[in-house]
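Subject: Structure handover

Hi,

Here is the structure for you to look through. Please open it first, then read my notes below.

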Amino acid sequence: SKKLVWFRRDLRSFDNAALGAALDESGAQAWCAFVFDTGILAGLPRDDRRVHFIHASLAALDADLRRMGGGLIVLHGDPRDEIPRLAARLGVHTVYTNRDYEPQAIARDAGVAARLEADGRRLASFKDQVIFERGEVLTQGGTPFSVFTPYKNAWLKRLAAEPQALAPHDVESRAGALAPPPAGTALPGLADIGFIAPPAPVEPAGMSGAAALFDHFLDRIGGYGGTRDFPALDATSHLSVHLRFGTTSIRHLVRTAQQVGAHGAAGATVWLSELIWRDFYAMILAQNPHVATQAFRPAFDGVAWEQGPQADEDFAAWCAGRTGYPLVDAAMAQLNQTGFMHNRLRMLTASFLTKDLGIDWRRGERYFALKLNDYELASNNGGWQWAASTGCDAQPWFRIFNPLTQSRKFDPDGAFIRRWLPQLAALGAREIHAPWLADPALLQAQGVQLGRDYPWPLVDHEQARKRTLARFEAIRTER
Ligand code: FAD
């Protein structure tokens, strides 16, 4: 019987589990659809970079589906109404889709499934976004992991035993079943859904964008282990936004990393670990849905974070990149202007907010959610709870990043700071990490006056550190 494939965060026409399953031997017609969810769009700024990225990636997906004889039906509304209505209109029995593990998505899909079933139809869902989901990698005792390294070892072991987990889902050879979209359902323009192009769009978008980034990264992957922590080098893949929206396939990336690693590129093995972190945090969220709003370890819900007008002011300064710590501020400038932030700097800025300013990690998490192109509830929450020491396998609470040491170590000559804080561009490598420690006459000679061109530091790190230790000691958790 006829089928409908509902795309969400899997915007590609190759190695797509739901699409591959819909195009089965029966040869029955299959339509493809995407819904711009008005409930999600309503909360976003008009120039949201992610909406622009999705729109550009849909155009590319549509073009590729048309090349194969199909095309994309694009709707605008609440998927709970739109998908069952479309299924009825097309006379489709089963709607195929790839599983999404975020709590809101799970609720939405349950709603769609219920409406379809009430009509005698069905929602069939597939694993596509991760290599191993929820309960597929467990301890020997059959319980979920909460520490990364043993999880990773078990993950690798399972993959060795089950290499077919990486097998690509074939689409091209059965593409003859793809049905062209009915008239009047083509992709609307960005303006038609109420959005405009952002000043700095995320580029490159779409499947070909992801492929170009990966090609470029493969030239450098061998050195990843040694370079990945230095934001000025830009040595990472930038594929996170593509993994977020599925314009690349996680199976393809893992397969390639394994092959390249087997041929001696040491960095590929380190990079594969990062992809496993992504599965790990997805598993953590699926097994412990309370983490979306609470500490992974409940004892840490007792931490008394700073509140009130001073905390609000400090938070606003952090968001705007006005803390007076140049590497923190440069990182926030990168986030605010591009929607990307280097992993080392995500750790640094999250640590600074929670441990230097004493502000609840949930406020920082929400700000990142608003700004990050690659925003992913599971990884963002995992990263924030790691930095705040409230999470699984987190940074121990008594080990506190020194923002100055981090700056000197990971941006030694200040190249990253200079790129994002042009007002400090004239400072030398000695002064640039902590302008407040420099001789004011020297700063003046380099055109910088603190308080006028760049802020004084918001806090003294040593004092902040003591306050944080006291804050955590107060909840008397085990060291
Ligand atoms: P690469 O270094 O090329 O890594 C390859 C891929 O591995 C990434 O694209 C990503 O999918 C995955 N990955 C790498 N590091 C991690 C990690 N620590 N946890 C989970 N997956 C990882 N990543 C997101 O995708 N979305 C988020 O919302 C997000 N929020 C974060 C918040 C904080 C506070 C922290 C500390 C980290 C966060 N990360 C998040 C993880 C990481 O910072 C980004 O995935 C990475 O910087 C993206 O750049 P890249 O694609 O060049 O990474």
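**Two helices against α17**

P326, L327 and V328 in α13 meet P403, Q406 and S407 in α17. Here, two residues are in contact if their C-beta atoms, placed from the backbone, lie within 7 Å. Helices (H or I, at least four residues) and strands (E, at least two) are DSSP runs, numbered from the N terminus. By class, the contact of α13 with α17 has 4 nonpolar, 2 polar and no charged residues. Ala, Val, Leu, Ile, Met, Phe, Trp, Tyr, Cys and Pro count as nonpolar; Asp, Glu, Lys and Arg count as charged; the others, Gly among them, count as polar.

Before going on, two notes on the source. This is a predicted model: local features need pLDDT of at least 70, side-chain atom pairs count only at pLDDT 80 or more, and totals for chains, interfaces and linings use all residues. Residues are numbered from 1 along each chain as its sequence is written.

Back to the helices. Helix α13 covers residues 326-338, and its axis lies 8 Å from that of α17, at an angle of about 70 degrees. Axes are lines fitted to C-alpha atoms, for helices over the stretch in contact, and angles run from 0 to 180 degrees between N-to-C directions. α13 is therefore roughly perpendicular to α17. Angles of 65 to 115 degrees count as roughly perpendicular, under 35 as roughly parallel, over 145 as roughly antiparallel, and the rest as oblique.

How do α14 and α17 cross? Their axes come within 11 Å and cross at roughly 170 degrees. So these two, α14 and α17, are roughly antiparallel to each other. On the α14 side, the contact uses R344, L348, F352 and D356. On the α17 side, it uses P403, Q406 and F410. That contact has 4 nonpolar, 1 polar and 2 charged residues.

**Around the ligand**

The shell around the ligand has 27 residues, and T236, S237, S240, N380 and G383 come nearest. A residue is near a molecule or strand if its C-beta atom, placed from the backbone, lies within 6 Å of it. The shell has 12 nonpolar, 9 polar and 6 charged residues. Which helix gives the most? That is α16, with 6 residues. At least two residues each come from α9 (240-245), α11 (266-287), α14 (343-356) and α16 (377-388). Domain 2 and domain 3 each supply at least three residues of the shell.

**Domains**

The domain assignment gives domain 1 (3-129), domain 2 (130-167 + 207-287) and domain 3 (298-473). Such bounds come from an automatic or database domain assignment. The C-alpha centres of domain 1 and domain 3 lie 39 Å apart. Their contact takes 5 residues from domain 1 and 4 residues from domain 3. The domain 1 side has 2 nonpolar, no polar and 3 charged residues.

Most residues other than glycine have a negative phi, and most peptide bonds are trans.

- E203 and P204 are joined by a cis peptide bond, with omega about -5 degrees. P204 sits in the loop between α6 (148-161) and α7 (206-218).
- D234 has a positive phi, near 50 degrees. It lies in the loop between α8 (224-227) and α9.
- H238 has a positive phi of about 60 degrees. H238 is also in the loop between α8 and α9.

Is H238 buried or exposed? H238 is buried, with 20 other C-beta atoms within 10 Å. D234 is partly exposed, with 13. Buried means 20 or more other C-beta atoms within 10 Å of a residue's own, exposed means 12 or fewer, and partly exposed is in between; C-beta atoms are placed from the backbone.

Best wishes
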